[in-house]
Structure formats: structure tokens, C-alpha cells
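Work through the following exercises with the structure open beside you, and try each task before reading its solution.

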Amino acid sequence: MDFSRISLRPLKLSDANDYLILASDDRVTRYLRWNTITSKEEALTYIEKVAIPHPWRRAICLDDRCIGYVSAKPESGDNKCRAHLSYAVGADYWGQGIVTTAVKMAITLVFNEFPGLVRLEALVEVENSASQRVLEKVGFLKEGM
């Protein structure tokens, strides 16, 4: 894999067809906190109403084609120094180091864009060992179950 082909950018409405590929795959959405998206219209609505207004969500792109996303959501109030990280990538791209590379890129960007941030957290289902490995590779520590 040529990792220079991987980039992060804001999601666009023109990503709807590509986003639908990953968001309609139950293997991908299994561990996510939103339901599988089943139509281009749903994908467009999701991008417009959820992804674009999100505090920090970026498309994971391979040659500028959306194949996944990574997001960070800062907390508020007394916890404004913390943010939650989440990500997903299409099943065709699993096991290639793409998510690890994208998450490393995202960590740097998130800490630069949110200067008050001191902690980035990620919640991972116990059964999702691949996602746990991604986080360990980029320096996250397991704190409990």
C-alpha cells in the first residue's frame, strides 16, 4: 500500500455513492452507533445533517475517493479537555493499514485544531479486536472493559 494515497478531507454531498458502499454494509456498521444506511437519499441526508455539521468529521480517502470516515467529538463543560474518536472504513479496505494511517493523521489534526484538548478517547466493543489493534498501534492505552 502506498500510504501517500491516503488523505483526510471534509465529507461532501458528492461522496454519497461512495459513503453508501460502507454505510450499507452490515459488517462495517455492526459496531457503529447508527443504523445501516440503505439508499443514496439516506446517505445524502446523513452527510448533510450529521457529517457536515459535526464538530470534526473527515472522509478517509484513497486517491480522493471516500472509503471511510474518522471523527472527533469534543466534550463540553468540565470535560471540554476530552474528545471521543470514532472511525470506520469499507470492508474492502480492512487489514491494509489504511485506518491506522488515517487515525494517526487525524490525531495530529485534532490536537492542532482543538488547542484545549488534552485527552482523546475511543470506545471499542470487546469483540472488535481489529479496532483495538488500530488504537494500540497509534498509541492508545486500554483502560478497562
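**Exercise 1.** Determine which element gives the largest share of the lining of the largest pocket, and describe that lining.

*Solution.* Begin with the share itself: in this predicted model, β4 contributes 6 residues to the lining of the largest pocket, which is the largest share. Then turn to the lining as a whole, which consists of 37 residues, with Leu32, Tyr87, Ala88, Asn128 and Ser131 lying nearest the centre of the pocket. Sorted by class, the lining has 19 nonpolar, 10 polar and 8 charged residues, and the pocket that it surrounds has a volume of about 1000 Å³.

**Exercise 2.** Describe the second largest pocket by its volume, and then by its lining.

*Solution.* The space in the second largest pocket comes to about 580 Å³. Its lining is made of 20 residues, and Ala122, Leu141, Lys142, Glu143 and Gly144 are the closest to its centre. Two or more lining residues come from each of α4, β5 (119-121) and α5. Sorting this lining by class gives 12 nonpolar, 3 polar and 5 charged residues.

**Exercise 3.** Find which residues the UniProt domain annotation covers, and describe that span.

*Solution.* According to the unreviewed UniProt entry, the annotation "domain: N-acetyltransferase" covers residues 6-145.

Key:
Residues numbered from 1 in each chain as written. Predicted model: local features only at pLDDT ≥ 70, side-chain atom pairs only at ≥ 80, totals over all residues. Heavy atoms only, no water. UniProt positions renumbered as here; feature names shortened; annotations may be inferred. 1 Å grid on protein atoms, 1.4 Å probe; cavity = no way out; pocket = protein on both sides within 12 Å on 5 of 7 lines; lining within 4 Å. Points joined across faces, edges and corners; volume = space filled by probe spheres on them. Helix = DSSP H or I, 4+ residues; strand = E, 2+ residues; numbered from the N terminus. Nonpolar A, V, L, I, M, F, W, Y, C, P; charged D, E, K, R; others polar.
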